[in-house]
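Thanks for asking me to look this one over.

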Amino acid sequence: MIKSIVYKEWIKTRWFLLILTILGLLAVGNIFLKVQHYITFNEAHNYWYLVLFQNQQYFKGLKFIPLVIGLVIALVQYIPEITNKRIKLTFHLPINENKALLMMLGYGVAVLLLSFALLLIVFIFLSQHFFGAEIVHSALISVTPWFLAGLAAYFLSALVVMEAIWKYRIAYFLASAAFILFFFEKGMAGAYAPLNWKLAVLTLLISLSMTFSAYRFRKGEM
Amino acid sequence: MNKISRYILVFITILAASVALPELYWLAFEKPINAPFTMYSSQEHDFFMIKREQGETVRVDRKGNEYTRDEFELKLPMFFSRQLALNGTLPDSLNGVALDLHEISRARSSFRFRARDMQTPTPELYPLFESESGRANLEMPTDFFRITHRMEFLDAATNTIDERKSQMFTTVLNNRDFNYPAKMIAGIPTTRKSCDEGYFVVDSKDMMYHVKMIKSEPYVRKIEVPDGLTFRHISCVDFSDKKYYSYLISEDDGLYILTQDVYEFIRWPFDALQPETDELRIYGNLFHYTVITRRPGYQKAMALDTEYNKVDEFTETWKEREETKQGKIASFIFPAEMRLSVPTTNFIDFYGERTKKFNWVFLNLFLVLVQIIIIRRTKLKMQKNILDLVIVGITGIYGFIAVNFFQNKFFD
Amino acid sequence: MNNVIECKNLTHYYGKKLVYENLNFNVREGSILGLLGKNGAGKTTTINILHGFLQPRAGECLIYGENTQHLSPQTKSRIGFLIEGHVQYAFMDIHQIEKFYSGFYPHWNKEPYWELMSKLKVDPNQKISSMSCGQRSQVALGLILAQEPDLLILDDFSMGLDPGYRRLFIDYLRTYAKAENKTIFATSHIVQDMERLIDDVLIMDYNRVLAHSPIDEFMTGFKQFRFKMEPNGVDLEKEDFVVNLETTKNEFELYTYESEKFVKGFLDKNGIRYADFSMVPMGLEDAFIGLTGKY
């Protein structure tokens with residue numbers, strides 16, 4: 001059964017996942033091309049100086065990439081399910097309704113983590129090529145909320161899409177958008193150090209949000 | 001699971017609303033609050049200040065007498081010496097000292113410390129300048145150092161450790177009984193300074209060292225720190241009078257200076273500093289230091305003579321944001337406000353603050369009533385909504401939005 | 001015989017509007033029941049309750065003894081649901097969708113599915129979304145058949161089908177159901193074909209059940225008489241035996257469960273003069289309109 005659900009989710013998402021991950025990798029590559037270019041013209045130590053003392057955030061180009069990936073994966077996974085109320089088909093399957101939803105959600109989380117892990121590995125690898133560990137460390141603190149935002153956006157988009165009543169869908173969207181702003185506060189590199197674990201906990205807490213709107217759908221709130 | 005999901009969503013909505021709604025409110029209605037700019041006149045031996053009142057700049061003394069711009073500048077020759085010289089009205093001598101424009105500007109210093117200077121993320125990599133290069137201008141070194149289990153120099157171009165240089169400095173540090181790793185490294189990491197004085201490094205046992213590079217050789221001096229004195233912050237300064245290296249804030253919130261060459265720690269007669277929240281400004285001149293500590297709605301100005309003895313002080317208060325009309329209206333709406341960034345730190349976190357006046361209780365109670373009506377009208381069971389009512393009662397407008405965004409409709 | 005579906009004392013409102021009160025009906029094992037009603041009569045409400053997507057205000061529906069609100073996976077595997085409009089995963093092709101569903105049902109039997117598919121002229125890699133309504137209906141039906149369910153719940157299966165496909169669908173379904181002793185609960189907008197399919201009929205109108213009986217019984221018991229008469233002050237519509245009365249000028253269509261003899265007797269007894277009295281043979285659609293009225 002889990003194989004079948006993964007298969008269905010895979011058919012829906014595969015091209016988007018592939019294209020977005022490739023675009024993400026290109027964006028990561030672009031970040032370091034810019035670094036490389038600056039260094040070629042102005043020498044490495046001057047760039048390090050900007051990064052260390054002038055708040056030059058070389059990793060800025062990553063900012064919205066995980067958010068977009070999370071958002072798009074949620075949309076391509078769940079919009080086909082509410083089109084013509086197809087999610088009813090899932091609820092008719094000989095499997096517990098919540099279990100089926102959690103499998104779909106689990107698939108989404110798994111592919112997002114894979115995609116994000118790939119981006120992060122390449123990002124860390126290239127960062128370490130150019131910069132000292134201290135700089136890489138503070139960059140990681142700064143990009144962590146952006147990757148968490150990708151997951152949070154995935155969970156909350158699923159919630160919004162699965163709600164069948166427009167009035168509530170807009171309400172969920174407003175609440176979600178205000179919440180997502182937590183992950184994009186402007187600040188210095190490394191400024192998110194005290195907040196990251198709290199954002200991680202909140203992201204984990206909202207991971208099952210979608211079951212709320214799906215429950216409402218199942219009980220006739222459509 | 002669905003009910004828990006709902007309460008989690010209600011919770012994050014309350015969090016999000018408690019950030020977003022006050023932010024929007026203040027974006028729309030906030031008015032600037034100008035703190036007075038206070039100066040100690042070495043001529044009048046009294047405090048003078050520039051304030052903004054109803055959009056007008058006013059210049060007053062401590063008693064409230066108003067002055068024109070020209071009158072005012074004449075009262076403060078040490079602050080406006082260049083303007084007075086231009087007007088030809090700079091006095092020839094003051095307090096028995098002949099005034100020379102060059103001497104005045106050499107003795108002039110300006111320093112600002114904000115709580116966020118201490119509470120800030122710092123990647124611990126620093127450039128160590130050549131202090132006696134024989135060149136007119138300082139040059140940015142091509143490597144950066146860290147002091148972890150040893151002192152390491154990391155070459156930026158190759159991102160590799162310069163072993164020879166690292167060992168050379170580490171050896172000297174070892175010879176001076178340095179305890180790794182460094183707890184604090186303070187210096188002025190910029191080429192835009194008059195000269196380089198290297199770094200002040202506090203080791204893991206609170207010993208302080210002065211570390212410089214002179215003609216490519218390490219210069220490490222262990223500084224004698226009085227017993228029991230430890231520091232939580234060091235701000236190095238580059239003043240033209242070369243009297244001291246830095247301002248230091250001790251663990252017991254004392255303000256010290258570290259004098260040049262003899263490395264003497266001098267505590268200023270100063271007891272009002274709260275380094276976690278305060279902003280500190282120090283304006284020095286030939287005769288006095290004007291020391292200002294400021295927090296919202298309050299500032300204390302102190303005048304010290306050149307021997308660092310207190311000669312006068314003056315406390316001022318003004319309406320902080322909460323006490324303005326907009327603040328009072330806000331206190332009727334928001335039970336608390338949360339922000340992710342605050343002026344006192346560069347770290348991003350949840351900074352919540354309860355509204356001090358309890359005016360919001362009225363709105364909370366009103367919203368509880370509205371919620372009861374909503375529950376009645378949507379034919380939901382009252383017993384199952386007690387928690388919702390409690391949430392609205394405590395969190396007011398935020399909870400009201402949250403519980404209605406996520407309908408409490410369940411079927412058993 | 002056992003009842004596969006039992007709905008007891010169903011009461012539901014939308015807001016303050018009553019849909020029905022104390023509705024009761026059963027579906028016997030091995031029978032095919034057709035639920036007919038005009039738009040808004042509560043067909044969709046009933047289907048939603050059976051699907052478990054709606055909690056009735058009062059009462060309950062049981063399928064194989066389980067409340068439809070919480071059917072166990074085992075019971076759900078015995079039920080084939082056809083959703084209104086033959087909704088399926090349109091982003092898949094016919095191979096992908098067969099592969100998807102086969103993972104869920106232990107008795108998956110792909111033969112009837114491929115048998116139906118072979119009759120469709122579709123490209124093997126063609127997405128279901130690009131197929132015609134009729135082709136999609138065959139895919140949805142084929143999937144249900146491959147599932148080998150004991151009970152089929154078909155919501156408005158004729159929607160969007162042209163007459164040929166409708167006939168194909170119905171004939172295939174009936175043959176299949178009777179051969180394997182399947183139970184079917186079906187609704188449809190188009191009444192005329194239902195006659196070929198169903199054993200029992202349940203006709204709903206606003207707030208009430210108009211008829212619930214075997215189709216043969218209903219078709220023979222429910223009659224239409226056409227005659228001309230001069231009105232003489234007796235209001236036929238008020239009479240208990242008159243189910244419905246349609247008038248055009250002085251031509252009357254009277255619908256009743258009573259016999260010709262009874263109607264004629266009543267007219268004579270009340271001194272009503274009539275002419276050209278005849279019993280009109282009716283199809284299911286005529287009977288449905290006769291029962292529920294044209295409006």
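1. First, a term: helices (H or I, at least four residues) and strands (E, at least two) are DSSP runs, numbered from the N terminus. With that in hand, chain A reads α-α-α-α-α-α-α-α-α along the sequence, which comes to 9 helices and 0 strands.

2. A word on provenance. This is a predicted model, in which local features need pLDDT of at least 70 and side-chain atom pairs count only at pLDDT 80 or more, while totals for chains, interfaces and linings use all residues. Residues are numbered from 1 along each chain as its sequence is written, and chains are lettered from A and ligands numbered from 1 in the order in which they are written.

3. Chain A as a whole. Its C-alpha trace spans about 65 × 30 × 25 Å along the principal axes. Buried residues make up 50% of its 222 residues; buried means that 20 or more other C-beta atoms lie within 10 Å of a residue's own, exposed that 12 or fewer do, and partly exposed is in between, with C-beta atoms placed from the backbone. Two residues are in contact if their C-beta atoms, placed from the backbone, lie within 7 Å. Of the contacts in chain A with a separation of 6 or more, 87% are between residues 24 or more positions apart.

4. Chain C on the same terms. Here you will find 10 helices and 14 strands, and the C-alpha atoms fill a box of roughly 70 × 45 × 35 Å along the principal axes. Of its 295 residues, 40% count as buried. Residues 24 or more positions apart account for 69% of the chain C contacts with a separation of 6 or more.

5. Where chains A and C meet. The contact takes 21 residues from chain A and 22 residues from chain C. On the chain A side, the elements giving two or more residues are α1 (2–42) and α4 (87–92), and α1(A) gives the most, with 6 residues. By class, that side has 8 nonpolar, 5 polar and 8 charged residues. The classes are simple: Ala, Val, Leu, Ile, Met, Phe, Trp, Tyr, Cys and Pro count as nonpolar, Asp, Glu, Lys and Arg as charged, and the others, Gly among them, as polar.

6. In α3 (residues 94–102), C:Ile94, C:Ile97, C:Phe100 and C:Tyr101 are buried. Seen down the axis of α3(C), the buried residues fall within an arc of 125° (from the directions from the helix axis to the C-beta atoms), so they line one face of the helix. An α-helix has 3.6 residues a turn, so residues three or four places apart point the same way. What covers the buried residues of α3(C) includes α1 of chain A, together with α4 (110–119) and α5 (133–146) of chain C.

7. The cores. A nonpolar core is a set of buried Ala, Val, Leu, Ile, Met, Phe, Trp, Tyr and Cys residues joined through C-beta atoms within 7 Å. The largest has 131 residues, and those touching the most other members include A:Phe155, A:Met210, B:Ala16 and B:Val201. Helix α6 (residues 133–162) of chain A gives the most to this core, with 20 residues. Domain 1 (2–31 + 326–405) and domain 3 (109–317) of chain B both give residues to this core, so it lies between them; the bounds come from an automatic or database domain assignment. A second, separate core of 77 residues includes C:Ala41, C:Leu71, C:Leu141 and C:Val191.

8. Domains 1 and 3 of chain B. Their centres, taken over C-alpha atoms, are separated by 44 Å. The contact takes 5 residues from domain 1 and 7 residues from domain 3.

9. Strands pair if DSSP finds at least two bridges between them. Strand β15 (residues 231–236) joins β16(B) through 5 bridges, running antiparallel, and B:Ile234 stands opposite B:Leu248. β16(B) also pairs with β17 (residues 255–259) in the antiparallel sense over 5 bridges, with B:Leu248 opposite B:Tyr256. In the hairpin of β16(B) and β17(B), which has 4 residues between the strands, B:Asp253 takes a positive phi near 65°.
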